[in-house]
Amino acid sequence: MKYAEIPNKKDPNPTDNNKEKTSPQSPNNGSWLWGIIAAVVFLLLINNFLAPAITERAMVQTDYGTFISKVEQDSVKQVVIANNQIIYTTDSCTYRTGSVDDPNLVDRLLAAGSPNKDGKIEFVKKIENQRSPIIDFLMWWILPGLIFWLLFRFMSSRMGRSASEGGGLGFGNFMSFGQSGAKVYADTDIKTRFADVAGQDEAKASLQEMVDFLHNPQKYTALGAKLPKGALLVGPPGTGKTLIARAVAGEANVPFFSMSGSEFVQMFVGMGAAKVRDLFSEASKKAPCIIFIDEIDAIGKSREGSFSNNDEREQTLNQLLTEMDGFEGDKGVIILAATNRPDSLDKALLRPGRFDRRIQMELPDLEGRKAIIQVHLNHVKHSDIDLDVVGRATAGSSGADLANIVNEAALRAVRQGKDAITTADLEESVETVMAGEQRKNAVISPAEKRIIAYHEVGHAMVAAAQTQSAPVHKITIIPRTSGALGYTMQVDEGEHYLYSRQELLNKIATLTGGRVAEEIICNTCTTGASNDIEQATNLARAMVTRYGMSDRYGMMALESQGNRYLDSGSRLACSDNTATDIDNEVRSIIAQAKDKAAAFITERMDQMHAVAEYLLEKETITGDEFMAILNNGQPAIQA
Ligand code: ADP
Ligand code: MG
Ligand code: ZN
């Protein structure tokens with residue numbers, strides 16, 4: 001399984017001399033700094049406060065009178081006069097006493113004679129401030145500074161961590177806004193190749209030219225040809241845009257600078273622009289190379305028409321535009337960007353000289369899906385796989401879905417103790433991805449089970465009764481974790497690009513088949529049809545408003561669609577009267593389809609009962625078994 005496409009984050013050998021090592025934020029640096037600071041503070045405290053306090057405590061305290069009398073008795077040898085105390089030593093001991101404003105003290109001391117020291121008392125006035133000026137300076141200026149600096153650093157690093165993933169805002173960047181502190185580093189050894197991207201041949205062909213240019217630019221410059229500076233990869237999510245961008249770098253064997261658009265949008269105005277500048281200046285040092293901006297719509301959103309103007313985003317976009325203009329085309333820096341909302345991009349980004357080449361990545365067709373499944377199967381152990389079956393069952397899936405399906409199949413095979421994936425594993429995992437896991441131990445009453453069975457057979461019967469309808473592939477009444485209590489799978493023979501009006505009407509009829517069977521056979525109607533109803537309504541509405549298939553409005557567009565890659569809703573573009581009319585039209589389309597379905601089912605009552613009985617017993621039946629019962633009342637395969 002290959003999910004190696006998460007770029008950079010844990011890259012073991014980033015080339016850009018890895019800022020992390022030199023930054024003050026690195027955890028090693030931090031801890032020894034803390035250690036030294038703690039030691040200095042400790043020593044200063046001992047020297048200045050603790051040590052004097054301890055020695056003072058050891059002295060005997062006396063009153064001033066005692067001191068004077070001792071002086072007069074000549075028993076004092078040494079006197080130290082401090083600001084607020086006097087320390088004196090006799091033969092036996094050191095004493096201290098509070099100092100008194102005594103102008104005669106010096107005379108007394110001079111007058112008194114000590115027997116040992118030529119009749120003199122040694123006396124000094126203590127210079128109170130004993131600490132060296134250096135220590136003082138440290139204490140009053142450096143230490144508070146250090147404490148503030150550490151506090152600030154601590155707080156800003158926390159802010160940075162929460163503001164941008166990966167901790168972009170260190171202290172250093174906080175002070176100098178010029179540097180973004182973004183860890184701009186390139187992936188130099190990308191293993192992804194075009195061979196890892198299945199299908200998407202047009203995209204590959206277009207990008208192959210860029211690879212070629214990066215290999216030998218002379219070929220192009222000799223002729224005076226300029227290559228596009230940038231290409232914009234456009235397509236629905238999961239179609240391999242990120243993958244193919246990495247493949248370009250891998251094929252060209254050049255450094256790959258990758259950043260997501262959202263990484264540029266920062267808490268502070270100007271940070272994003274700084275990041276863009278950093279990115280481009282790093283890249284130009286490493287040319288030839290590729291800059292890849294994923295999800296560029298995060299910064300490249302159209303500036304007009306948005307009420308809340310986002311200064312930060314706008315500045316970032318402007319910086320990007322400027323940087324792209326400042327680039328010489330022959331430098332060998334190619335800028336790729338990916339988005340799934342091209343309609344919202346700023347026009348300035350798309351003008352020639354910037355992302356002038358647009359590479360469309362569409363959802364894969366049958367052949368594409370088969371190729372993608374094959375690419376992912378290459379990474380897992382598998383037996384002989386019928387790619388066609390799996391490919392047809394996955395219509396509408398993106399490359400990412402298919403990668404997920406293969407992975408699910410592998411997990412399933414492991415759970416079941418198999419040593420290779422089979423076609424059945426893949427088919428089951430298609431259903432798992434679409435409808436969730438089987439809930440084998442869900443308890444459903446026989447009465448409900450019967451309704452579910454007839455509902456599903458109703459769908460299948462209507463589908464089978466119509467000629468232009470996809471064949472039934474499978475009917476199951478095993479509940480799934482998604483909440484589905486059963487479903488009927490139809491799989492088209494080949495690839496479908498167009499749907500005719502008749503096919504759409506058939507689809508709607510098939511969707512109503514479930515409810516019709518409930519009503520006719522079980523004399524009830526249940527909530528189980530809600531999804532069918534929703535789908536049928538959407539189809540009928542689209543027929544009227546978007547496909548121009550109603551008699552009344554013909555080819556008039558009544559809805560404008562939002563983003564076509566993201567299934568965003570569409571807006572009605574008509575008057576209120578027309579909207580009411582549309583509703584009527586939709587209702588009548590569905591009602592007609594339902595009548596048709598009811599006719600099919602009443603005609604085939606015997607077959608309905610036979611299939612439902614068989615389904616209740618087996619819980620899952622294949623399309624072949626289903627057709628066999630329809631044709632001669634007996635399933636061909638007795639499982
Ligand atoms: P996008 O960026 O378009 O949303 P990605 O490039 O991230 O999609 O694709 C996600 C994953 O889907 C890829 O890592 C890959 O495993 C798989 N995938 C998508 N398209 C293809 C393809 N054409 N061939 C092989 N794998 C694909
Ligand atoms: Mg992507
Ligand atoms: Zn249904």
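## Before we start

A residue counts as buried when its relative accessible area is under 20%, as exposed when over 50%, and as partly exposed in between (1.4 Å probe, protein chains only). This is a predicted model, in which local features need pLDDT of at least 70 and side-chain atom pairs count only at pLDDT 80 or more, while totals for chains, interfaces and linings use all residues. Residues are numbered from 1 along each chain as its sequence is written, and side-chain values use heavy atoms, with hydrogens and water left out.

## The zinc site

His455 and His459 are both buried.

Together with Asp532 (OD), the NE2 atoms of His455 and His459 coordinate the zinc ion (ligand 3) at 2.0 to 2.1 Å. Donors here are N, O and S atoms within 2.8 Å of the metal (3.2 Å for Na, K and Ca); water is not among the atoms, so sites may look incomplete. Along the chain, the donors of the zinc ion (ligand 3) are spaced as H-x3-H-x72-D.

## Around ligand 1

Next comes ligand 1. A backbone N or O atom of Ala198 lies 2.8 Å from one of the nitrogen atoms of ligand 1. For Lys241, a polar side-chain atom lies 2.8 Å from an oxygen atom of ligand 1. Alone, ligand 1 exposes 560 Å², and the protein buries 89% of that (Shrake-Rupley method, 1.4 Å probe).

Notes: Chains lettered and ligands numbered in written order. Polar contact = N/O pair within 3.5 Å; in protein donor to acceptor, adjacent residues only side chain to side chain.
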